[in-house]
Amino acid sequence: MRCFRKRSMFPFLGFLITFLLFFNLYMDDGYVLEAEKRQLGETLMHPANSERYVHTFRDLSNFSGTINLTYRYLAGIPLPRKKYLAIGLSSVKRKRGNYLLETIKSIFDQSSYEELKEIVVVVHLADFDLVWCENLVQEITRKFAHHIIAGRLLVIHTPEEYYPSLDGLKRNYNDPEDRVRFRSKQNVDYAFLLNFCTNLSHFYMMLEDDVRCSRNFLTALKKVITSREGSYWVMLEFSKLGYIGKLYHSKDLPRLAHFLLMFYQEMPCDWLLIHFRGLLAQKDVIRFKPSLFQHMGYYSSYKGAENKLKDDDFEEDSIDIPDNPPASLYTNINVFENYDATKAYSSIVDEYFWGKPPCTGDFFVLIFNKSTKISRIKIVTGTEDRQNDILHHGALEVGQRSVETKQGRQCSSYITLGEFKGGSIEVTNVDHKIGFDIECVRIVITASQKEWLIIRTISLWTTQPVGQFKK
């Protein structure tokens with residue numbers, strides 16, 4: 001695939017000179033990793049071979065193949081190594097306000113040096129006003145030069161010739177013609193962005209261009225992804241607003257891109273994505289609290305209308321999200337309907353364990369897939385609307401030496417860490433209080449109660465960093 005040169009806004013020579021200046025200014029910056037320096041050096045030594053960095057998209061007869069497009073690189077080029085997470089933003093000219101630069105700044109400012117190694121941000125300037133695109137990319141290049149050089153920021157544009165017709169579209173939902181055109185084009189904008197990002201990373205996060213991020217959001221994402229190991233999911237949600245904070249496996253991006261293109265004029269993108277995950281057999285929303293991304297714009301990209309929606313589940317500092325290492329959960333308490341034991345260990349919104357009145361000696365146990373160093377345990381029972389369904393009398397225990405029994409795997413010995421008070425318990429410095437790696441965490445009912453029992457959250461923090469995460 002060739003680079004798109006028609007009506008070029010950035011003459012190649014000027015771009016190369018600018019790039020060399022940035023290279024000289026920032027190659028000594030500690031932000032640029034050694035491997036990245038070598039790659040950039042090779043790139044600058046072979047400017048005539050820019051086509052080798054352009055994705056070669058294949059036409060396939062099914063939705064697993066990427067769409068054959070020629071993108072125009074406005075800033076940056078992809079590095080050959082896949083990153084852990086690609087973050088996609090699509091932006092168009094607004095009548096009032098422009099928040100794109102603030103959004104990009106928030107992504108980078110809220111990430112640690114180690115996290116920056118694992119992300120790539122792709123900005124799709126999806127407006128047909130090429131002068132606007134040129135002016136904006138110059139601002140982006142000025143403000144984020146070292147991130148561009150390090151391969152952490154790419155700015156792309158899809159030529160108008162690749163877009164389907166945006167005239168004479170279906171007037172679904174009695175939307176006015178200009179509204180239908182706006183949302184239909186937005187679907188295509190997102191499809192082209194998803195298509196581009198397919199091979200850049202293992203996971204993909206969709207954001208909008210007017211978003212603020214929580215601190216260390218990547219670490220929080222990794223914790224959630226690790227905790228979902230072995231379970232099936234298509235889309236995880238880290239914001240309840242619009243197309244903000246939606247996470248996908250990168251392998252699913254071609255199908256999603258095709259899907260958005262096929263139904264681009266039918267309905268808005270945030271409605272289409274609900275149908276997409278349903279078709280791929282994820283029936284329910286999987287949304288996590290706290291939200292990691294917040295809408296910060298006051299004016300919509302559609303006609304500059306006011307849009308002051310806020311996510312009240314957003315927290316600026318998300319680093320306190322528990323690790324919750326993979327475990328099996330068992331209980332002999334009678335479970336109510338589908339409020340099973342596993343839901344107490346989930347950070348998904350509105351999921352919890354709910355059982356009928358427990359008796360003395362009943363238990364609720366977690367057995368880790370492998371022994372684990374635990375630093376902190378926090379368990380909360382009851383909910384705001386069912387404040388009596390708490391554990392009135394119970395103890396928290398940790399165990400070791402798991403063995404197979406007729407009732408399943410159990411630990412052969414336990415140590416009591418404390419008693420529940422007011423339906424909750426929190427124990428810190430667990431690894432300093434016991435002399436072994438933990439294999440089991442057990443809640444024991446120490447006195448019968450008439451009330452039903454809700455175990456709202458079981459939160460565990462490990463002493464090991466969230467290090468080499470699986471793809």
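Tutor: Two residues are said to be in contact when heavy atoms of theirs lie within 4.5 Å. With that in mind, look at the place where L100, L101 and I104 in helix 3 meet L136, E139, I140 and K143 in helix 5. By class, this contact holds five nonpolar residues, no polar ones and two charged ones (Ala, Val, Leu, Ile, Met, Phe, Trp, Tyr, Cys and Pro are nonpolar, Asp, Glu, Lys and Arg are charged, and the others, Gly among them, are polar).

Before going on, please keep in mind that this is a predicted model, in which local features need a pLDDT of at least 70 and side-chain atom pairs count only at pLDDT 80 or more, while totals for chains, interfaces and linings use all residues. Residues are numbered from 1 along each chain as its sequence is written, and side-chain values use heavy atoms, with hydrogens and water left out.

Helix 3 covers residues 100–109 and helix 5 covers residues 130–143, where helices (H or I, at least four residues) and strands (E, at least two) are DSSP runs numbered from the N terminus. The two helices pack at an angle of about 30 degrees, and their axes are 11 Å apart; an axis is a line fitted to C-alpha atoms, for helices over the stretch in contact, and angles run from 0 to 180 degrees between N-to-C directions. Helix 3 and helix 5 are therefore roughly parallel to each other, a label for angles under 35 degrees, whereas over 145 counts as roughly antiparallel, 65 to 115 as roughly perpendicular and the rest as oblique.

From this pair of helices we can turn to the sheets. In an open sheet of seven strands, the order is 1-4-3-2-5-8-7 and the pairing is mixed, two strands being paired if DSSP finds at least two bridges between them. Strand 1 (72–75) and strand 7 (235–237) stand at the edges with a single partner strand each, so one side of each has no neighbour in the sheet. From one strand to the next, the twist averages 30 degrees.

Within this sheet, strand 2 (residues 83–91) has nine of its nine residues buried (buried means under 20% relative accessible area, exposed over 50%, and partly exposed in between, with a 1.4 Å probe and protein chains only). Strand 2 pairs in the parallel sense with strand 3 (residues 119–125) over seven bridges, and one of its residues, L85, has I119 as its bridge partner there. Strand 2 also runs parallel to strand 5 (residues 201–206), to which five bridges join it, and here A86 stands opposite Y204. Helix 7 (residues 177–197) lies across strand 1, strand 2, strand 3, strand 4 (153–157) and strand 5, and runs at about 160 degrees to strand 5.

Strand 13 (residues 374–381) pairs with strand 16 in the antiparallel sense over five bridges, with K378 opposite E426 in strand 16.

Some single residues also deserve a look. Most residues other than glycine have a negative phi. A281, however, is not a glycine and has a positive phi of about 75 degrees; A281 belongs to the loop between helix 10 and strand 9 (293–295), and it counts as exposed because its relative accessibility is 61%. For E337, in the loop between strand 10 (327–331) and strand 11, phi is near 50 degrees, again a positive value in a residue other than glycine, and E337 is exposed, with a relative accessible area of 62%. D270 lies in helix 10 (residues 269–279) and counts as partly exposed at 28% relative accessibility. D270 and L241 are 29 residues apart in sequence, and 9.0 Å apart in space from C-alpha to C-alpha.

Taken as a whole, the protein has eleven helices and 18 strands, and 56% of its 471 residues count as buried. Among contacts between residues at least 6 apart in sequence, 78% join residues at least 24 apart.
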